Amino acid sequence: MTSVCPSPSPLLAPAVSPAGLTAAAALPAQTPAGLVGDTPLLWIGEPFTAPGRGFWAKLEGRNPGGIKDRTALYMVARARERGRLLPGAPIVESTSGTLGLGLALAGVTYGHPVTVVTDPGMEPMMTGLLRAYGAEVHVVTTPHPVGGWQQARRERVDELLAARPDAWCPDQYHNPDNVTAYRTLAHELVAQLGRIDALVVSVGTGGHSAGVASVLRGYFPDLRVVGVDTTGSTIFGQPAAPRLMRGLGSSIYPRNVDYSLFDEVHWVAAPEAVWAARALARSRYATGGWSVGAVALVARHLAGTLPAEARVATVFPDGPQRYVGTVFDDDYCRRHRLLGGAPAPAPDRIDHPAERVVTRWTACATVVDPLDGDTAPAGPGATGRPDAGEHGLAGAAR
């Protein structure tokens, strides 16, 4: 009797085109968490860059909620493993948006109610999405006199935690799991590019900059790491000032920032980030908001000044959707004087972060931990990460 093999399950059968050819397709995911990772890499070349020059951009906006999906899922999973987050217990955290989406995803994945604390700067679209995904949103109404909106948010988190002793806060600013979570992103970059000579990365909580750069430095000891901050941020030793940009920078000092990894830091002002984000949209279609504009401006400069064969990579943390009412809204940009034309072709230079207050695109090769007051060792092979103790509550990261 002839045996008959059963037909393969539709979920296991390869996708077939009408012409009978097997079509490449992403693997099916059984949970929304399975959609996170393996994000694409896009070449950013002319006309955004000079002819013959360009850089590679990792499009983290292709995750369901953005780059912070990676760390939200990882921090929650580790907390559950250690017994710090009990089954069904609430998660409470401060965020300006993207981490909130990641925590909402983690809440759905692992069965936890999520409460996020934000401030009036959060876009209505982001607030609506968080609530649609089941998160409870608390909005603080008054900034802290020293630590600004970020400190006010953190104090509200403390109040909520006191009222719910079983609740857990990821504390993305100081949690080392926020760094480890990004090893997968680094490994994807290595697999996709093979060789990386320079990494341009935005700095907020310090999580993805430390997580990606530390792994890449292990593969490529001569890797040049350039951090991108915003004017008015204290992370690299500038004084605090009002900041329009969200998603990078801080009002005080996240302990996840690994100062020893950076060869150089660039501060970018809001109008310069807006110009770059809009120029990217027009010329390359793939774009994003404040962080994307800032890192793209710096990566563009680096690609034009390093040898032509140098391979420059950067990370675009999210996409453009949440910025339709800000970065890409002419009325908003006019009100905030953000449409002043193209930035200078190169940054200003200072020798030390304390040299002067910067208000436009500026670079510095002296990388300092402001809490130490000493110059951190920078560049390949550097060691001496600052102590990861609690030195204060941190800033405007996602």
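A: In strand 3, the residues I91 and E93 point one way, V92 and S94 point the other way, and all are buried. Buried means a relative accessible area under 20%, exposed means over 50%, and partly exposed lies in between, computed with a 1.4 Å probe on protein chains only. In a regular strand, side chains alternate between the two faces of the sheet. The model is predicted, and local features need a pLDDT of at least 70, side-chain atom pairs count only at pLDDT 80 or more, and totals for chains, interfaces and linings use all residues. Residues are numbered from 1 along each chain as its sequence is written, and side-chain values use heavy atoms, with hydrogens and water left out. Helices (H or I, at least four residues) and strands (E, at least two) are DSSP runs, numbered from the N terminus.

The partner of this strand comes next. Strand 3 is joined to strand 4 (residues 114-118) by four bridges, and the two run parallel. Two strands are said to pair if DSSP finds at least two bridges between them. Within strand 4, V114 is opposite I91, and T115 is opposite V92. Strands of a sheet pair through backbone hydrogen bonds, either parallel or antiparallel.

These strands belong to an open sheet of three strands in the order 3-4-5, with parallel pairing. Strand 3 (91-94) and strand 5 (136-139) are at the edges with a single partner strand each, so one side of each has no neighbour in the sheet. On average, neighbouring strands here are turned by 20° against each other, direction ignored. Helix 4 (residues 148-163) packs on this sheet and touches strand 3, strand 4 and strand 5, its direction making about 165° with that of strand 3. For such angles, axes are lines fitted to C-alpha atoms, for helices over the stretch in contact, and the angles run from 0 to 180 degrees between N-to-C directions.

G107 is placed in helix 2 (residues 98-110), and it is buried, with a relative accessible area of 8%. Apart from neighbours within four places in sequence, G107 is in contact with H112 and V114, where contact means heavy atoms within 4.5 Å. G107 and G88 are 19 residues apart in sequence, and their C-alpha atoms are 9.0 Å apart in space. E123 lies in the loop between strand 4 and helix 3 (124-132). E123 is buried as well, with a relative accessible area of 7%. Residues up to four places away in sequence not counted, E123 touches R322 and Y323.

The model also holds an open sheet of eight strands in the order 1-2-9-6-7-8-11-10, and its pairing is mixed. Strand 1 and strand 10 (348-350) are its edges; each has a single partner strand, so one side of each is left without a neighbour in the sheet. Its neighbouring strands are turned by 25° against each other on average, direction ignored. Strand 6 (residues 198-202) runs parallel to strand 9 and is joined to it by three bridges, with V200 opposite T314 in strand 9. Helix 8 packs on this sheet, touching strand 1, strand 8 and strand 9, and its direction makes about 100° with that of strand 1.

Helix 8 (residues 270-284) has 15 residues and reaches 21 Å from its first C-alpha to its last, close to the 21 Å expected at 1.5 Å a residue. The expected span is 1.5 Å times one less than the number of residues. Just after helix 8, Y285 takes a positive phi of about 70°. Helix 8 and helix 9 pack at an angle of about 85°, with their axes 7 Å apart. That makes helix 8 roughly perpendicular to helix 9; angles under 35 degrees count as roughly parallel, over 145 as roughly antiparallel, 65 to 115 as roughly perpendicular, and the rest as oblique.

Helix 7 (residues 207-219) is mostly covered, as 10 of its 13 residues are buried. Among the elements that cover its buried residues are helix 6 (183-193), strand 6 and strand 9.
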